[in-house]
Each structure stands twice: as structure tokens, then as C-alpha cells.
Amino acid sequence: MNEHQQAAFALAETLQKTGQKIVFAESCTCGLLASTLGRVPGISLYLCGSAVTYQNETKARWLEVERDVLVAPGPVSEVVARQMVDGVLRSTPQADLAASVTGHLGPNAEEELDGVVYIGIGLRNEPVVVDRIVLPNEYPHCTTEMPLRICRIEDLVCMIFNMIRERLAQ
């Protein structure tokens with residue numbers, strides 16, 4: 001079992017213990033959060049789903065992210081991560097909490113956005129907490145067969161699952 005699968009099993013155990021149901025709003029992870037957590041037996045009791053909103057227009061239509069903030073400050077921003085959580089919780093009344101992720105994992109990112117990710121976590125009727133993460137430019141296990149983008153996305157999945165567990169422990 002790899003590291004992000006272990007993190008998924010740990011999150012599933014936390015959701016089971018707390019009885020919380022989760023929904024995701026994913027951009028740069030392209031559904032990998034839900035897909036990874038969905039491999040855990042019995043998770044259907046706690047995983048409501050995921051809105052994969054890779055393009056700005058999809059964020060605006062599905063999650064009601066304000067179009068002006070998608071222009072400035074842009075999709076890789078705290079306000080967009082926050083609005084993604086709010087939007088997916090609005091559309092998923094059975095969920096107790098939501099996590100969002102928006103960022104630029106490369107390649108071809110502007111230098112100031114390369115590896116920058118915003119992660120939003122919100123419990124229903126509580127303020128959304130958004131963290132800004134800058135992912136490394138190098139991983140020891142990255143090769144031409146496993147490019148930086150893949151290393152970053154796997155690292156990110158583990159981080160997000162662990163951040164959700166920490167939030168639920170508070």
C-alpha cells in the first residue's frame with residue numbers, strides 16, 4: 001500500500017469514528033481525492049462525492065464561484081478555494097464537511113504560481129480554513145517515467161487527507 005492509500009484509509013477511519021460525511025471540490029487533483037478515498041471498502045457511507053471543476057467556467061457554474069475572482073486574483077487563490085468549499089457544501093446538503101483544492105502543479109506554470117496550491121476545509125456552519133502550500137520542485141523519486149507533476153499530485157493527496165484528519169481532531 002502506498003503513502004496516499006495509507007492516508008486514505010486513515011481518513012476513512014476518522015470519518016467513520018466521527019460519523020462525518022465529506023464532499024470534495026477538486027481542480028488540480030482532477031478527482032484523485034475522491035478516487036483514492038473511494039477505494040476504501042465501506043467509504044460510501046461517508047463519501048458524498050466530488051465536483052471536479054478543472055476549468056474556470058465549471059467552477060463558476062457548478063460551485064457558483066464568482067466570475068470576477070476567477071479573473072483577479074485568479075483561480076489559484078484563497079478566495080476561490082473558500083468559494084469552492086461553500087459552493088460544494090451548498091449543493092451537497094448531506095455532507096458535514098468539504099475540502100477544496102485549486103493550484104498549479106506544472107509544467108508550464110508562471111514562476112510565481114508553479115507548485116502553489118490552496119486547500120480549503122470547511123465544516124458545515126463553521127468558517128472555512130484555507131491554507132496556501134508551495135510544493136517542492138524536486139522529489140527524490142521523480143524520474144522521466146514519474147514526472148514532477150505526478151510526484152506533486154501524490155504528495156498533495158496525502159497532505160489534504162492528513163489536513164482533513166487534523167481539522168476533525170480539533
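This is a predicted model: local features need pLDDT of at least 70, side-chain atom pairs count only at pLDDT 80 or more; totals for chains, interfaces and linings use all residues.
**Helix H1**

Let us start close to the beginning of the chain. Helix H1 covers residues 3-18, which makes 16 residues. From its first C-alpha to its last it reaches 23 Å, close to the 22 Å expected at 1.5 Å a residue. At the start of H1, the backbone nitrogen of His4 has a side-chain oxygen of Asn2 within 3.2 Å. After the helix comes Gly19, with a positive phi near 75°.

Which residues of H1 are buried? They are His4, Ala7, Ala8, Leu11, Ala12, Thr14 and Leu15. Looking down the axis of H1, you would find these buried residues within an arc of 160°, so they line one face of the helix. Gln16 and Lys17, on the other side of H1, are exposed.

What do the buried residues of H1 pack against?

| Element packed against by H1 | Residues |
|---|---|
| Strand E1 | 22-26 |
| Helix H2 | 32-37 |
| Strand E3 | 97-103 |
| Helix H6 | 148-169 |

**The nonpolar cores**

Now step back to a wider view. The largest nonpolar core holds 36 residues, and Leu15, Phe24, Leu37, Ile119, Leu156, Phe161 and Ile164 have the most contacts inside it. At least two residues of this core come from each of H1, E1, H2, E3, strand E4 (116-123) and H6. The biggest giver is H6, with 10 residues.

**A look at Glu78**

Finally, find Glu78 in helix H5, which runs over residues 78-90. Is Glu78 buried, exposed or partly exposed? Its relative accessibility is 41%, and therefore Glu78 counts as partly exposed. The side chain of Glu78 makes a polar contact of 2.5 Å with that of Arg82. Leaving aside neighbours within four places in sequence, Glu78 is in contact with Tyr118 and Val130. Asp131 is 53 residues away from Glu78 along the chain, yet their C-alpha atoms are separated by 7.6 Å.

Notes:
Residues are numbered from 1 along each chain as its sequence is written. Side-chain values use heavy atoms; hydrogens and water are left out. Helices (H or I, at least four residues) and strands (E, at least two) are DSSP runs, numbered from the N terminus. The expected span of a helix is 1.5 Å times one less than its number of residues. Buried means under 20% relative accessible area, exposed over 50%, partly exposed in between (1.4 Å probe, protein chains only). The arc is that of the directions from the helix axis to the C-beta atoms. Contact means heavy atoms within 4.5 Å. A polar contact is a pair of N or O atoms within 3.5 Å; within protein, one must be able to donate a hydrogen and the other to accept it, and residues adjacent in sequence count only if both atoms are side-chain atoms. A nonpolar core is a set of buried Ala, Val, Leu, Ile, Met, Phe, Trp, Tyr and Cys residues joined through side-chain atoms within 4.5 Å.
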